Amino acid sequence: MMHLDMRGKQCPIPVIETKHAMEAAGPGAEAKVLVDNEIAVQNLGKLAKKKGYRFEAKKEAEREYSVLLVWEDGSVQPQAEEETQAEECSVDARRRGTVVVLSSETMGEGSPELGAVLMKGFVYALAQQEVLPETVLLYNGGAKLSCEGAQTVEDLKSLEAQGVEILTCGTCLNYYGLTEHLAVGSVTNMYEIAQRMTEAGLLVKP
Amino acid sequence: MENKIQFCRGGGCTAKLGPGALARVLEKIPRVKDENLLVGYDSSDDAAVYRVSDELAVVQTLDFFPPMVEDPYIFGQIAAANALSDIYAMGADVKTALNIVCFPEEMDLNILGQILLGGSEKVQEAGGSLAGGHSIHDADVKYGLSVMGTIHPARIFKNNGCEEGDVLLLTKPLGTGLVCTASRVGLVSESALDKAVQSMTALNRTASEIVRKYHVHGCTDVTGFGFLGHLCEMMGQKHTARIFAENIPYLPESPKCVEEFCLTAAAQRNRNHVESKVLFCEDSFATEEILFDPQTSGGLLVSLPPGDADMAEKEMGKKGVLCARVGYVEARKECSVIVEGKIV
């Protein structure tokens with residue numbers, strides 16, 4: 001475990017020196033960084049998020065914060081692209097029994113345009129969660145989200161690559177004439193949809 | 001140079017107090033009502049505007065900060081260009097300026113001379129007269145100007161009068177905070193720093209004089225609160241800006257500064273302040289950091305109708321002023337700014 005005392009140093013120094021120390025130590029590196037302000041903690045948080053390091057922060061005293069960064073096996077390599085980040089995330093991160101239901105192209109009520117932007121944002125954010133759902137169910141308008149041309153396809157693919165089951169309603173694909181255009185996951189039926197939903201420990205419906 | 005490190009330690013607009021902290025303090029200060037005070041600090045405008053007569057108003061501004069570059073002469077130019085910019089953001093003409101100086105007792109006075117020389121040259125370029133100032137001893141160097149300008153009271157640029165359908169123009173590249181900070185830790189090339197210096201020392205005079213000929217609904221200069229901070233202020237509660245990140249001009253190597261995690265505290269404070277009002281459609285850390293980056297002596301951000309924007313853009317092109325169409329103004333959505341696409 002490296003100890004880096006960055007108190008009294010202004011951003012970006014704490015982040016830059018921590019980054020260098022982590023990279024010099026390589027995979028498995030652990031660093032405990034002391035800083036004297038919360039903004040520095042947040043900047044270290046951005047470093048951790050981008051690099052896939054485990055991040056824990058604690059306020060020890062007035063003007064003293066300790067930040068733990070751990071480069072765990074399976075976290076991304078430095079400068080890795082976002083796609084690899086998704087692929088290399090651990091499959092164990094899935095939470096058993098959580099089912100996300102996307103039943104519309106849009107999220108929330110109000111402007112459909114904004115709703116579409118929000119839905120795209122939601123699927124993206126979902127793929128970035130530390131704990132992922134077990135299954136994503138798509139039906140009715142939601143079925144379009146997993147088809148060619150939808151802006152959500154990449155993020156759904158990223159979820160699938162991380163072990164999340166992506167199931168789209170076959171009746172719905174047929175209705176919208178999209179049967180040949182499913183771009184990610186597999187086709188399901190109402191029996192399976194009902195089963196996944198009744199057996200779910202947690203249903204998430206944005 | 002022995003004074004180097006002491007001279008420059010995280011300056012420019014990265015030294016500004018956070019917008020959140022500032023708002024909390026200001027709201028407790030009693031406000032004086034004077035009907036001739038056309039712009040005061042109850043709006044988030046850049047300067048005070050006082051009507052002297054039906055034809056004349058004076059614009060008053062003050063801006064100063066610690067050095068963000070090692071060269072004192074360049075620092076003087078940048079600090080002055082930055083202070084003068086507030087006048088241009090109101091659509092006014094520069095008349096007089098006063099120096100504000102903090103300088104360590106033990107430091108070489110020639111350094112101060114260089115700073116003041118740089119500053120005075122910029123005031124001259126602005127068509128104003130440097131009329132004096134005030135200097136005190138302090139632990140660190142700080143320099144800036146209080147500037148007075150004039151304007152017709154009916155032609156003041158508001159910063160929040162934008163209308164649906166307006167085009168948003170930006171007249172300087174973003175990334176000065178990132179590049180200056182990175183240069184202090186040796187992460188950018190000399191030519192990248194030169195480009196940043198070129199941008200920071202340039203006056204917003206020509207841009208301001210050009211857009212004055214058109215129907216400017218909103219205008220501000222992009223400084224310490226970053227592009228998104230100033231844009232959110234501009235949108236107020238009634239409008240939403242849709243920004244196309246591909247159109248955002250940025251300084252060379254600024255994305256690299258983000259990759260190297262050259263992250264300033266001020267950028268993070270800006271992020272904390274307005275992140276909840278901004279929707280990023282694409283995931284790009286570099287785009288976000290550049291848009292939150294605090295600018296020193298940044299460009300004008302102008303909201304004007306599409307036809308006017310076309311003509312202003314053309315004229316700026318002719319005069320060699322950068323002018324980027326970065327987005328447009330829409331009816332209010334749930335957030336103040338929607339950022340589409342990514343810079344890199």
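How many Å separate the centres of domain 1 of chain A and domain 2 of chain A? Taken over C-alpha atoms, the centres of these two domains are 36 Å apart. Domain 1 of chain A covers 2-70 and domain 2 covers 91-204; such bounds come from an automatic or database domain assignment.

The model is predicted: local features need pLDDT of at least 70 and side-chain atom pairs count only at pLDDT 80 or more, while totals for chains, interfaces and linings use all residues. Residues are numbered from 1 along each chain as its sequence is written, and chains are lettered from A and ligands numbered from 1 in the order in which they are written.

**Strand S4 of chain A**

Helices (H or I, at least four residues) and strands (E, at least two) are DSSP runs, numbered from the N terminus. Two strands pair if DSSP finds at least two bridges between them.

| Strand | Partner | Sense | Bridges |
|---|---|---|---|
| S2(A), residues 30-35 | S4(A) | antiparallel | 6 bridges |
| S3(A), residues 54-61 | S4(A) | antiparallel | 7 bridges |

Val35(A) stands opposite Tyr65(A) in S4(A), and Glu56(A) has Leu68(A) of S4(A) as its bridge partner. S3(A) and S4(A) form a hairpin with 2 residues between them, and Arg63(A) in the turn has a positive phi of about 60°.

In a regular strand the side chains alternate between the two faces of the sheet. In S4(A), residues 64-70, Tyr65(A), Val67(A) and Leu69(A) point to one face and are buried. A residue is buried if 20 or more other C-beta atoms lie within 10 Å of its own, exposed if 12 or fewer, and partly exposed in between, with C-beta atoms placed from the backbone.

**Chain B**

Chain B has 12 helices and 13 strands. Of its 344 residues, 54% count as buried.

**The contact between the chains**

Chain A gives 20 residues to the contact and chain B gives 18 residues, where two residues are in contact if their C-beta atoms, placed from the backbone, lie within 7 Å. On the side of chain A that touches chain B, helices H1 (13-25), H2 (38-51) and H4 (112-128) each supply at least two residues. H2(A) gives the most, with 7 residues.
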